[in-house]
Amino acid sequence: MQPLSASCLRVLCAPAVVLALAALGCGGETAEEAPVDTTDRVGLYEIPISRNNQASRPSDPLRVEISPTELLLNHRSLLALERGRPPAAEVADHVITRLRQEITSGAARSQVALRIHANVPYLTLVEVLHTLHSAGLRDVLVAVRTLGATPTEAWMQWPHFTVVPAGDEPPTFEGRPIPWDEFVTVWRSVYDACRAGQYVDCDAPYTNTARGGDLEIELWTRGQGMKVSFRQINAPAAERPRGGGGPALIEGVAPAPAAPAQAETPGATEGAFTVRQQDATSENSSISAILAPTCADSQCRAVFVTDATTPAMRVVSFLGAAFPNGTQRPQVAFRIPR
């Protein structure tokens, strides 16, 4: 057999050479991964305004960004969204499955930096929070903008949070609750603060108010209104009438007729204060003044309730006004909407 010519060797070897060069790159080294675009998809004027905006910038956090069209994790696109909502197939029991899988399979982080567009619906926000909570991430900071004509980017320390189902089942919080009577003693100040703002309705103190038990706070918003409700829960059992102590009856003498029972008016167990939503981002927010007598120096517990389509702007701004800079970091249970 005659040896192959040089020209034949070039023809036969060409495909192998091309494949080898393609695998190694022109320089003979493995091709590098394309750099990640770290540009924020949600700009400064698209993030919510908050009166709580003095937290330190998170260091090496897990980064979650939500725009109306995209959910990103660490600057990489994870899911396409439709008007701020993920596909139904990607959500199970209000957990975004792809997001949870990526979090649990990646490097561990202690903090989350959340950047969310003001128009993303509450249901998406609460499902992202539920997903983070289920993955063991509880320390969340939210990118916000400051008040005024020339705002800057800042960070809001998110409350100690949990997510609870729709319905009336009371959430479980840590530590000791604030007594209901502490609110009762400042009811007049809360009423005056409500009336000084852009109010819709403010409950004045009642002449007869229930005593004892614990305090529950509900933050509720719909349309143009934001309502703060203070309620008595875990009320003490009614005192039972005591026996004995009456005069002994003389044999053969009929007892005196019993006096007619007087119905006792039950004491008030709730005070509600509703203002317009613009109040949440005003320089002198009455929402801050309504909650200050009870929550400025104590860790309050609050349940956040709103509709599925409420914009994230309302949620973040309401919380920022309720617990502004300088107040105790609260515990908040976000109620999944019906």
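**View 1. Residue classes around the largest cavity of the predicted model.** The lining of the largest cavity has 4 nonpolar, 1 polar and 1 charged residues, where Ala, Val, Leu, Ile, Met, Phe, Trp, Tyr, Cys and Pro count as nonpolar, Asp, Glu, Lys and Arg as charged, and the others, Gly among them, as polar. Ile-178, Leu-215, Ile-217, Gln-299, Cys-300 and Arg-301 form this lining. The volume of the largest cavity is about 40 Å³, and the count is 1 cavity of 30 Å³ or more. A cavity is a set of points on a 1 Å grid over the protein atoms alone where a 1.4 Å probe fits but cannot get out, and lining residues have an atom within 4 Å of a point. Grid points are joined across faces, edges and corners, and the volume is the space filled by probe spheres set on the points. The model is predicted: local features need pLDDT of at least 70, side-chain atom pairs count only at pLDDT 80 or more, and totals for chains, interfaces and linings use all residues. Residues are numbered from 1 along each chain as its sequence is written, and side-chain values use heavy atoms, with hydrogens and water left out.

**View 2. The open sheet of 7 strands.** The strand order is S9-S15-S14-S11-S12-S13-S10, with mixed pairing. Strands (E, at least two residues) and helices (H or I, at least four) are DSSP runs numbered from the N terminus, and two strands pair if DSSP finds at least two bridges between them. Strand S9 (160–164) and strand S10 (199–202) are the edge strands, each pairing on one side only. Direction ignored, neighbouring strands of this sheet are turned by 20 degrees against each other on average; axes are lines fitted to C-alpha atoms, for helices over the stretch in contact, and angles run from 0 to 180 degrees between N-to-C directions.

View 3. Strand S11 (residues 214–222) and strand S12 (residues 225–233) run antiparallel and are joined by 9 bridges. They form a hairpin with 2 residues between them, and Gly-223 in the turn has a positive phi of about 60 degrees. Glu-216 stands opposite Arg-231 in S12. S12 also pairs with strand S13 (residues 270–276) in the antiparallel sense, over 7 bridges, and Lys-227 stands opposite Thr-274 in S13. S13 pairs with S10 over 3 bridges, again antiparallel, and Thr-274 in S13 is the bridge partner of Asp-201.

**View 4. Helix H4 on the sheet.** Helix H4 (residues 180–195) touches S10, S11, S12 and S13, contact meaning heavy atoms within 4.5 Å. The direction of H4 makes about 25 degrees with that of S13.

**View 5. The packing of helices H2 and H3.** Helix H2 (residues 97–105) and helix H3 (residues 122–134) pack at an angle of about 35 degrees, with their axes 10 Å apart. The contact is made by Leu-99, Arg-100 and Ile-103 of H2 and Val-128, Thr-131, Leu-132 and Ser-134 of H3. By class, this contact has 4 nonpolar, 2 polar and 1 charged residues.

**View 6. The open sheet of 6 strands.** Its order is S3-S2-S1-S6-S7-S8, with mixed pairing. The edge strands, each pairing on one side only, are strand S3 (76–80) and strand S8 (153–157). Strand S1 (residues 62–66) runs antiparallel to strand S2 (residues 70–73), and 3 bridges join them. Leu-72 in S2 is the bridge partner of Glu-65.

Terms used:
On a 1 Å grid over the protein atoms alone, a cavity is a set of points where a 1.4 Å probe fits but cannot get out, and a pocket is an open set with protein on both sides within 12 Å along at least five of seven lines; lining residues have an atom within 4 Å of a point.
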